[in-house]
Amino acid sequence: MTRTPLIAGNWKMVLDHQQGTLLVQKLDWTLKDAKHDHAAVEVAVLPPFTSLRTVQTLIEGDKLPIALGAQDVSAHESGAHTGEVSAAMLTKLGVRYVAVGHSERRQDHGEDDALVRAKTAKALEHGLVPIVCVGEPLEVRRAGEHVGHTVGQVTAALEGLQAAQVAGLVLAYEPVWAIGTGEVATPEDAQEVCEALRAAVAGQFDAETAAAVRVLYGGSVKPANIASIMAQPDVDGALVGGASTDAGDFAAIVRYREHPS
Ligand code: PEP
């Protein structure tokens, strides 16, 4: 089973639509040379909602090999949900990926496993590819319970889905203590949990589904550490926060295959 690696940039609440346009243009120029094989690594950017239309216009107008993603989606279909953005609205904007259950949403907005499950199901219903984010806080890691914790989050998020739906989605292991802290998990830490998440999918669904699902690592990924993380057999890509708002750094992460090992 070959899984195309995915490098997705979560801009968070950084970069307005003009800065975002500039970044995508720079990223495209930096990736445009004979050494970079666009087919070998899928690239996605997840701008804030206010930039989606502008970035979509650029990507579609110039036919850039970059996928568009969103950082969140409503669990509701439509209606009286002030401030929320529906899956149908995202689909209409050409959005392909949507992050659900990011630890900042869980922490700052009280999102629980039930809501993450509902958002995942709603995204799939509308043809979006959810990037289901899980990860343990520092105290859970210190207690040695990180595998059980993250497996529990994944199992809850995927409950009630069909195997074919799960095969096409993306999981992201993002230890909370590594997000935005500069403290990256070791490649072995990343592999341990990504492997466990894949095994959990095999148990909940089947081996074929587990072999197809892509599992990303996220947490202080930088040009200097991406190659060793991507060398792990169960790591299929990265969800990149801070470094994705710098075109040069993000392009260098995307080009991890050219780094000396
Ligand atoms: C993230 O927000 O998903 C993330 C991984 O952030 P950072 O790369 O800045 O740690």
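Q: Which residues of α1 meet residues of α2?
A: In this predicted model, His17, Thr21, Val24 and Gln25 of α1 meet Thr54, Val55, Leu58 and Ile59 of α2. To count as contact, heavy atoms must lie within 4.5 Å. By class, this contact has four nonpolar, four polar and no charged residues.

Q: Why is α1 called roughly parallel to α2?
A: The angle at which α1 packs against helix α2 (residues 52-61) is about 25°, and their axes are 9 Å apart. Angles under 35 degrees count as roughly parallel, so α1 is roughly parallel to α2. As for handedness, α1 passes α2 in a right-handed crossing.

Q: Which residues in α7 meet which residues in α9?
A: On the α7 side they are His146, Val147, Thr150, Val151, Val154, Thr155 and Leu158. On the α9 side they are Glu192, Val193, Ala196, Leu197, Ala200, Val201 and Gln204. By class, nine residues in this contact are nonpolar, four polar and one charged. Glu counts as charged, and Glu192 is among the residues in α9 that meet α7.

Q: Why are α5 and α7 called oblique to each other?
A: Helix α5 (residues 113-125) packs against α7 at an angle of about 45°, with their axes 7 Å apart. The roughly parallel class takes angles under 35 degrees, and the roughly perpendicular class begins at 65. The pair of α5 and α7 is therefore oblique. Here too the handedness is given: α5 passes α7 in a right-handed crossing.

Q: Where do α5 and α7 meet?
A: Asp113, Val116, Arg117 and Thr120 in α5 are in contact with Gly152, Gln153, Ala156 and Ala157 in α7. By class, the contact has three nonpolar, three polar and two charged residues. Asp and Arg count as charged, and Gly counts as polar.

Q: What places Arg96 over the face of Tyr97?
A: Arg96 lies at 5.2 Å from the ring centre of Tyr97. The distance cut-off for CZ of Arg is within 6 Å of the ring centre, and the position must also be within 35 degrees of the ring normal. Arg96 is accordingly listed as lying over the face of Tyr97.

Q: What is the phi of Lys12, and what is that of Ser220?
A: Lys12 is not a glycine, yet its phi is positive, at about 55°. Ser220 also has a positive phi, near 55°. Most residues other than glycine have a negative phi. Lys12 is in the loop between β1 (6-10) and α1 (17-31), and Ser220 is in the loop between β7 (214-218) and α11 (226-230).

Note on methods: Residues are numbered from 1 along each chain as its sequence is written. This is a predicted model: local features need pLDDT of at least 70, side-chain atom pairs count only at pLDDT 80 or more; totals for chains, interfaces and linings use all residues. Side-chain values use heavy atoms; hydrogens and water are left out. Helices (H or I, at least four residues) and strands (E, at least two) are DSSP runs, numbered from the N terminus. Axes are lines fitted to C-alpha atoms, for helices over the stretch in contact, and angles run from 0 to 180 degrees between N-to-C directions. Angles under 35 degrees count as roughly parallel, over 145 as roughly antiparallel, 65 to 115 as roughly perpendicular and the rest as oblique. A crossing is left-handed if the near helix is turned anticlockwise from the far one by less than a right angle, and right-handed if clockwise.
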